[in-house]
Amino acid sequence: MSYARIGALKSVEQFREHLATLGLELPCDDAPLSADEGSPLAAPFEVGAFTVGNRWCIHPMEGWDGTADGQPTEHTLRRWRNFGLSGAKLIWGGEAFAVQQDGRANPNQLYYRPENETGIDELLQTLISSHEQQFGPNSSRDLLVGLQLTHSGRYSRPTRKDRAEPRIAYHHPLLDRRVGIAPDDDSRVWTDGDIRQLIDRYVVAAQLADRLGFQFVDVKSCHGYLGHEFLSAFTRPGPYGGDFEGRTKFLRDIVTGIRAECPRLMIGVRLSLYDFPPFRPREIENGKPGVGVPEDWERDYPGFGCNRDNPLELDLAEPIRLMEMLHRDNGVALFNLSAGSPYYNPHMQRPAFYPPSDGYQPPEDPLVGCVRQVQAVRDVKQRLPHVPVVGTSYTYFQEFLPHVAQAVVRAGWVDSVGIGRLVLSDWELPAKTLAGADYRADKKLCRTFSDCTTAPRNGMISGCYPLDEHYKDLPEFERLKEVKAGLRGK
Ligand SMILES: Cc1cc2nc3c(=O)[nH]c(=O)nc-3n(C[C@H](O)[C@H](O)[C@H](O)COP(=O)(O)O)c2cc1C
Ligand code: SF4
């Protein structure tokens, strides 16, 4: 299956025509505007009592490059420095920070232990000082920085890259097989008692963030990790599963605990707004993993934000109810909306032209997946106009990202536009756009080659190997080429 490459579309008219061919409705301006020309992306917005300086956000982007005991390395520090240089005024989480050792998604993820406090402080200070060096001594006054708290749950690999050590909220008929859990192996399922202890660990990690000067923490509830999994724990008995109240209790208890211990700290939630069933590649086609197809889902597919009778359809009723409740009753100040999971339906979470090594050929034009996310966020904003929301899945718009970003912000579809993969290849794009500079001249736009996902899937640090010179000098660059050649050989 082949789709038009965005880079091959020579003008914004061609991009719009392409959207129309796909039947997609998406606002898109004729040309990017600078801050001086009144770009909507330069306008501040309120999050609680804080005024965020502009509408660009940097999503959390992990590098699989911490030390074995969870401290940052030079690669981690460089990434956070680049986040500060980006010009974005909202830094959502930096990267996933496990609240305890067994919650790491890989043995190089940062995690909470008292000895790691200095390292996390260094990350924050590096980010703030790079921002101030680039944009002026007082420029961090309107810079909002959070730390993303997580437990990787089903996708925990805390000790070895090649050993899954899953801890699950419930047995999932399709996903258990993928991480080697037997349907009757309850040793992997969290007990209610263990859950209560884990909630305390989130609070301890939030206290660290508060002490160090992060303005908010994100209670991560997306991408198939534990916080997301609880939201679909329909079959889990007891207080943390079953009905809506039960399935959202884990998240609500963490938020309540953090509010009690850290009253000044704001709380955000990064939420997978909807899910799809797991996809797998159809058999190998032309030497490549085939097109993605959904697994045969059971009648009662346990997804959050999708129609339970046909989980390939969205149903946003519960996610909107959850957001409204968290904002109104629990004081959650802001949301970052994503979708699905990079482990079992990557084409909807991070649409790409070239799939990662454990992926499949896109079953739809990647633009369809991007616009699905952008429109779902619009639907949320229509229902909850007063709730600050960051949107995801903009990297794939490439040349036309600034055109789309300023148009959707102006139209009130979203408050802040988040960038993920793009920040690895072209971290200064927000600053360049706001300054009215040609953001295409240095040819650093992310082309969704997926090497930043393929590398960690094969045990290497993540980064933009094709476009960031920093990674070209590392031994991992050659290894990655060998891995990709090996895949082609297969
Ligand atoms: C290398 C890599 C690391 C990521 N790390 C995180 C993370 O730590 N936390 C998180 O919530 N999402 C993480 N994501 C997902 C991104 O934040 C983002 O949702 C995704 O890339 C889609 O946005 P984009 O289209 O702008 O890339 C990661 C994605 C990639 C490719
Ligand atoms: S490796 Fe670079 S170009 Fe490829 S998807 Fe990642 S950031 Fe984009």
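These legends accompany close-up views of a predicted model.

**View 1. The protein as a whole.** The protein has 490 residues. Its secondary structure comes to 17 helices and 13 strands. The radius of gyration is 21 Å, close to the 23 Å given by the globule rule, so the protein is as compact as a globular protein of that length. Along the principal axes, the C-alpha trace spans about 55 × 55 × 50 Å. Buried residues make up 52% of the protein. Take contacts between residues at least 6 apart in sequence: 71% of them join residues at least 24 apart.

**View 2. Strand 11, an enclosed strand.** Strand 11 covers residues 334–338. Five of its five residues are buried, so the strand is largely enclosed by the rest of the structure. The burial holds for both faces. On one side sit Leu334, Asn336 and Ser338. On the other sit Phe335 and Leu337. A residue counts as buried when 20 or more other C-beta atoms lie within 10 Å of its own.

**View 3. The strand partners of strand 11.** Strand 8 (residues 266–272) pairs with strand 11 in the parallel sense, over five bridges. Here Leu271 has Leu337 of strand 11 as its bridge partner. Strand 12 (residues 389–391) also pairs with strand 11 in the parallel sense, over two bridges.

**View 4. The shell around ligand 1.** There are 25 residues around ligand 1. His59, Glu62, Thr395, Gly420 and Arg421 come nearest. Two elements give two or more residues to this shell: helix 13 and helix 15. By class, the shell divides into nine nonpolar, 10 polar and six charged residues.

**View 5. The shell around ligand 2.** There are 14 residues around ligand 2. Those that come nearest are Cys446, Phe449, Asp451, Cys452 and Cys464. The elements that give two or more residues are helix 13 (421–425) and helix 15 (451–457). Helix 13 supplies the largest share, three residues. The class count is eight nonpolar, three polar and three charged residues.

Notes
Residues numbered from 1 in each chain as written. Chains lettered and ligands numbered in written order. Predicted model: local features only at pLDDT ≥ 70, side-chain atom pairs only at ≥ 80, totals over all residues. Near = placed C-beta within 6 Å. Helix = DSSP H or I, 4+ residues; strand = E, 2+ residues; numbered from the N terminus. Nonpolar A, V, L, I, M, F, W, Y, C, P; charged D, E, K, R; others polar. Buried ≥ 20, exposed ≤ 12 C-beta atoms within 10 Å, placed from the backbone. Pairing = 2+ DSSP bridges. Rg over C-alpha atoms; globule rule 2.2 N^0.38 Å. Contact = placed C-beta atoms within 7 Å.
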